Amino acid sequence: MIKKIMNKSNETLNYILIGILLFNIVIGIIGSIAFKEHLQYAIGIIIGGVTAVIYMIHLNYSIERALDMSSSNASKFTNKMHFIRVGIVIIALVISFYFGKTSFFGSLVGIMSFKVAIYMRPLTIYILKILNKGR
């Protein structure tokens with residue numbers, strides 16, 4: 001039953017990735033207007049957005065792999081994969097801090113965009129349906 005639910009994971013992942021992209025574009029435009037350091041903020045949003053995409057793809061991969069394992073092995077595996085994702089986020093934040101405080105803030109917003117994209121998935125689906133009606 002769980003595998004049947006997870007077969008739709010690629011579709012869900014695609015909607016979340018599109019949501020990350022849309023959210024980062026909107027926040028990038030708003031932040032570029034609000035901050036004086038436009039380039040630094042844009043660099044931060046790009047770093048954060050790429051990190052969020054990598055995070056979600058890795059999370060999806062980890063879940064799909066863990067479903068094929070026994071309970072104890074899945075628990076160990078998901079813990080290990082979690083620390084890899086945390087390491088990726090830390091590396092991205094250190095890199096963005098090199099570009100300045102504004103870039104660091106933009107990177108934080110970009111990284112957290114995956115959480116917003118998950119919640120706005122129904123809105124993303126609705127927007128894509130409206131856009132596809134015109135074709």
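Predicted model: local features only at pLDDT ≥ 70, side-chain atom pairs only at ≥ 80, totals over all residues.
Residues are numbered from 1 along each chain as its sequence is written, and side-chain values use heavy atoms, with hydrogens and water left out.

Now to the chain as a whole. It has six helices and zero strands, so the elements run α-α-α-α-α-α from the N terminus on; helices (H or I, at least four residues) and strands (E, at least two) are DSSP runs, numbered from the N terminus. The C-alpha atoms fill a box of roughly 50 × 45 × 20 Å, taken along the principal axes. Of the 135 residues, 36% count as buried, and among the contacts with a separation of 6 or more, 76% are between residues 24 or more positions apart. The accessible surface comes to about 8900 Å², and 71% of it belongs to carbon and sulfur atoms; such areas come from the Shrake-Rupley method with a 1.4 Å probe, and for residues only the protein chains shown count as cover.

Let us turn to the interior. A nonpolar core is a set of buried Ala, Val, Leu, Ile, Met, Phe, Trp, Tyr and Cys residues joined through side-chain atoms within 4.5 Å. The largest one here has 14 residues, of which I20, M56 and F114 touch the most other members. The elements giving two or more residues to this core are helix 2 (9-34), helix 3 (38-66), helix 4 (71-99) and helix 5 (101-119). Apart from this core lies another, of six residues, among them Y41, I45, V109 and M120. As for I20 itself, if we do not count residues up to four places away in sequence, I20 touches G49, A52, V53, M56, S113, F114 and A117.

What about the aromatic rings? The structure holds four aromatic pairs, where rings of Phe, Tyr and Trp (its six-membered ring) pair if their centres lie within 6.5 Å, and planes under 30 degrees apart count as stacked, over 60 as edge-to-face and the rest as tilted. One of them joins F35 and F105 edge-to-face, at 5.6 Å centre to centre and with 65 degrees between the planes. This pair links distant parts of the chain, since F35 is in the loop between helix 2 and helix 3, whereas F105 is in helix 5, 70 residues apart. F35 is partly exposed because its relative accessible area is 27%, and F105 also counts as partly exposed, at 41%. Ring pairs link F35, Y41 and F105 into a cluster.

Finally, a residue in helix 3: L59 is partly exposed, with a relative accessible area of 23%. The C-alpha atoms of L59 and L39 are separated by 30 Å, and these residues are 20 apart along the chain.

How values were computed
Buried < 20%, exposed > 50% of the residue type's maximum accessible area, 1.4 Å probe, protein only. Contact = heavy atoms within 4.5 Å.
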